[in-house]
Amino acid sequence: MMVQYAHYHRDRRNIATHLLGVPLIFMAIGIMLTQPEWVVGDRVVTPAWLVWGLTSLWYLSRGNFLLGLATTVVNGALIALAHVLAPMAGQVGLQGWQLGLAVFVIGWIIQFVGHYWEGRKPAFVDDIVGLLVGPMFVVGEVLMAIGLLSSMRMAIERQAGPSR
């Protein structure tokens, strides 16, 4: 999946836009899903946390435990931040879902600028699973940049080519 996704993301500028755009989109979805709230025991559960849990199971079952765990942790931080930001929307005259929608649109605009530079359509156009792979790819890029996942990096560069 990482190699397939990488075929659409070899331009460094596109990768850079994804480092910002993908987390914004994931967090925006979280902001839009912070309501309703349910109290379960001594915990508050929201649709955002349920989505995080389901996607975490998916990431942790993709074969590379480090990448799955890191993606789960990063996404958990984004969902936690979403729960902080959603109530603050009122300070700028918005409801939480409106703030989430605005951040979502901004994230996608950033993504589409990157794909314009790349000269390729987004990966999800050909395979809807690309929407789930995006956060994993971004986390993987960061891990590879700090020297981890070297065998994955070699496989990506061998099959999709080096970034340019």
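What volume does the second largest cavity have? The answer is about 50 Å³, and the points below put that cavity in context.

1. A word on the model first. This is a predicted model, in which local features need pLDDT of at least 70 and side-chain atom pairs count only at pLDDT 80 or more, while totals for chains, interfaces and linings use all residues. Residues are numbered from 1 along each chain as its sequence is written, and side-chain values use heavy atoms, with hydrogens and water left out.

2. On the cavities: searching the whole structure gives three of 30 Å³ or more. Here a cavity is a set of points, on a 1 Å grid over the protein atoms alone, where a 1.4 Å probe fits but cannot get out; lining residues have an atom within 4 Å of a point. A volume is the space filled by probe spheres set on the points, which are joined across faces, edges and corners.

3. The largest cavity has a volume of about 60 Å³. Its lining consists of Met1, Gln4, Tyr5, Ala123, Asp127, Val129, Gly130 and Val133. By class, five of the lining residues are nonpolar, two polar and one charged (Ala, Val, Leu, Ile, Met, Phe, Trp, Tyr, Cys and Pro count as nonpolar, Asp, Glu, Lys and Arg as charged, the others, Gly among them, as polar).

4. Back to the second largest cavity: Arg10, Glu141, Met144, Arg153, Ile156, Glu157 and Ser163 line it. The largest share, three residues, comes from α7.

5. Now the aromatic rings, of which the structure has six pairs. Rings of Phe, Tyr and Trp (its six-membered ring) pair if their centres lie within 6.5 Å, and planes over 60 degrees apart count as edge-to-face. Trp58 and Tyr59 are an edge-to-face pair, because their planes stand at 80°, with the ring centres 5.3 Å apart. Trp58 is buried at a relative accessible area of 18%, and Tyr59 is buried at 1% (buried means under 20%, exposed over 50%, partly exposed in between, with a 1.4 Å probe and protein chains only).

6. Phe104, Trp108, Phe112 and Phe124 make up one aromatic cluster. Trp108 counts as buried, at 17% relative accessibility, whereas Phe124 is partly exposed at 25%.

Note on methods: 1 Å grid on protein atoms, 1.4 Å probe; cavity = no way out; pocket = protein on both sides within 12 Å on 5 of 7 lines; lining within 4 Å. Helix = DSSP H or I, 4+ residues; strand = E, 2+ residues; numbered from the N terminus. Phe/Tyr/Trp six-rings, centres within 6.5 Å; stacked < 30°, edge-to-face > 60°.
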